[in-house]
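Visitor: I have a structure open and would like to learn how to read it. Where do we start?

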Number of protein chains: 2
Amino acid sequence: MSGPKTPSINPNLPQRQAKPRPEIVADLSPCGACTVRHLSVCSALSAEELVQLSDFTTHVELQPGQPLFGEAEPANHVFNVTAGTLKVYKLLPDGRCQVMGFLFPGDFLGLANSATYAFSADAVNTATLCRFPRKKFAEFLLKFPQMEKKLLSVASHELSVAQEQMLLLGRKTAKERLASFLLTLSRHAERRGAQGNPISVPMSRADIADYLGLTTETVSRAITLLKKAGLIGLEKSGSIALLDSAALREIAEGF
Amino acid sequence: MSGPKTPSINPNLPQRQAKPRPEIVADLSPCGACTVRHLSVCSALSAEELVQLSDFTTHVELQPGQPLFGEAEPANHVFNVTAGTLKVYKLLPDGRCQVMGFLFPGDFLGLANSATYAFSADAVNTATLCRFPRKKFAEFLLKFPQMEKKLLSVASHELSVAQEQMLLLGRKTAKERLASFLLTLSRHAERRGAQGNPISVPMSRADIADYLGLTTETVSRAITLLKKAGLIGLEKSGSIALLDSAALREIAEGF
DNA sequence: CGTGAAGTTGAGTATGCTCAACGGTGGTGG
DNA sequence: CCACCACCGTTGAGCATACTCAACTTCACG
């Protein structure tokens with residue numbers, strides 16, 4: 001999240017992923033040095049198994065707004081996010097957009113039962129991912145069923161997240177949606193070991209609107225509402241402070 | 001659908017699942033005789049494995065409207081629907097309800113990563129299910145990884161269904177939601193080998209509304225709209241004919 | 001600083017909701 | 001067997017929440 005901290009304290013620390021040029025990172029970041037492994041499906045693998053995985057892993061870097069793949073493209077790869085934020089969305093022919101979710105470091109992308117992707121994926125900010133050819137990955141899964149178990153667990157979790165989102169989209173008011181969203185971001189950050197209170201909000205109002213089933217104007221108004229009620233505070237761009245989490249929770253749950 | 005058709009043409013037809021009494025069906029329907037196995041996760045199992053599964057399987061029958069389990073209850077069982085229709089839903093404290101989906105014969109229920117259920121499940125009409133203690137089922141999975149693979153595939157599919165539903169809830173109009181719903185029912189029926197055109201609609205307007213994020217009144221109006229446009233026809237209660245599937249598809253997709 | 005994109009605010013509108021009345025249907029009991 | 005009743009579904013009128021369109025402000029970046 002930020003530029004190359006030039007005055008680095010330790011010049012030869014384990015390479016927090018020394019900002020790669022597009023696509024050329026394969027050998028610089030073997031799975032063994034992965035900084036987000038504990039967050040990802042790869043946590044199910046031993047050191048040896050990681051080496052085998054590295055064999056067919058390539059790396060991708062995306063600029064803000066750059067697409068990773070589009071809906072209906074052949075689903076030739078699966079991915080693991082290593083840095084940055086992505087959005088995953090579907091479009092209607094007239095341009096209406098629904099964001100299914102945002103992806104953060106450690107998240108797995110590409111679970112699908114179909115030969116083509118069921119949605120599009122774009123970078124929200126600068127992002128890097130591990131890329132695995134689907135076929136190789138499937139073969140790998142056959143050899144290491146504990147990875148498959150992990151994937152099932154990931155899928156189950158995503159399913160319950162999706163159901164929570166259906167409740168939001170089908171039944172909550174704009175204010176409730178906003179409160180839910182901010183709390184989700186906060187909890188998610190904490191689970192990943194990041195700070196959960198002044199939360200980082202890397203996505204635009206338009207992305208938030210498309211995620212919450214609203215318009216940018218309504219998102220803006222809802223934020224203003226919560227701000228004027230003293231429940232949140234807008235810090236510098238991309239950061240929001242939760243000033244009264246309890247009240248936000250009550251709103252989010254629909255009390 | 002409807003009362004006991006007294007003037008039945010064939011008095012001893014092949015007993016479409018000779019209506020069991022509540023709960024006493026365990027020995028009458030071993031997995032080997034299951035009529036919906038080809039639709040369910042059990043299709044991944046051999047005859048021998050089915051016997052092992054039968055060992056810890058019990059059967060449940062639910063009357064219309066009867067709950068199977070409620071949100072936040074300890075998730076002690078997983079289920080397979082063998083007959084009838086269920087609805088799976090979440091509630092907000094003030095009573096707002098969102099139906100996450102309907103379950104039909106062959107559907108698996110209980111994928112969850114948590115010690116408690118994340119939603120409630122009620123019977124829509126008379127329904128029967130196989131019930132497996134979660135712990136036993138988990139042990140069973142360890143022994144038969146092909147079942148786990150099947151579950152992963154089921155979960156992936158459910159995930160993409162959920163995403164389609166998010167698009168519907170977040171971005172479609174009432175008319176579009178209705179058209180999408182009817183087409184989904186039709187396709188689902190066909191995939192299960194039932195007839196896909198005069199579709200069976202076992203759930204109430206209220207259930208449909210809670211599934212589509214609308215009110216019963218709006219559902220009713222949307223149905224009237226499609227009917228007046230000649231796209232659908234209301235047959236006897238619980239049955240709807242799709243008179244112009246192509247036009248319905250255009251509406252559903254948002255053209 | 002200047003410029004363009006992103007975000008906020010305002011005014012008017014529309015889609016779907018609320019409240020209410022009415023109609024049909026199935027189930028029940030006289 | 002029929003009459004009644006309750007529930008479900010439909011229709012109508014008025015309203016509210018969120019949308020559209022538009023102007024204005026702020027911010028990031030050059």
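Guide: Start at the DNA. H6(B) gives the most to the surface near DNA strand D, with six residues. Near means that a residue's C-beta atom, placed from the backbone, lies within 6 Å of the strand. Helices (H or I, at least four residues) and strands (E, at least two) are DSSP runs, numbered from the N terminus.

Visitor: How far can I trust the model, and how is it labelled?

Guide: This is a predicted model: local features need pLDDT of at least 70, side-chain atom pairs count only at pLDDT 80 or more, and totals for chains, interfaces and linings use all residues. Residues are numbered from 1 along each chain as its sequence is written, while chains are lettered from A and ligands numbered from 1 in the order in which they are written.

Visitor: How many residues surround DNA strand D, and which are the closest?

Guide: 17 residues surround DNA strand D, and the closest are A:Thr173, A:Thr218, A:Ser237, B:Ser220 and B:Thr224. Helix H6 (216-228) of chain A gives two or more residues, as do helix H5 (205-212) and helix H6 (216-228) of chain B. By class, this surface has four nonpolar, eight polar and five charged residues. Ala, Val, Leu, Ile, Met, Phe, Trp, Tyr, Cys and Pro count as nonpolar, Asp, Glu, Lys and Arg as charged, and the others, Gly among them, as polar.

Visitor: How do I read the sheet in chain A?

Guide: Strands of a sheet pair through backbone hydrogen bonds, either parallel or antiparallel. Here, an open sheet of four strands has the order S2-S7-S4-S5 (chain A), with antiparallel pairing. Two strands pair if DSSP finds at least two bridges between them. Strand S2 (67-69) and S5 of chain A stand at the edges with a single partner strand each, so one side of each has no neighbour in the sheet. Strand S4 (residues 86-91) of chain A is joined to S5(A) by six bridges. A:Lys90 has A:Gln98 as its bridge partner in S5(A).

Visitor: Which helix of chain B lies across S4 and S5 of chain A?

Guide: Helix H3 (residues 145-171) of chain B does, running at about 125 degrees to S5(A). Axes are lines fitted to C-alpha atoms, for helices over the stretch in contact, and angles run from 0 to 180 degrees between N-to-C directions.

Visitor: And the contact between the two chains?

Guide: 36 residues of chain A are in contact with 36 residues of chain B. Contact means C-beta atoms, placed from the backbone, within 7 Å. H3(A) supplies the largest share of chain A's side, 20 residues. That side divides into 17 nonpolar, eleven polar and eight charged residues.
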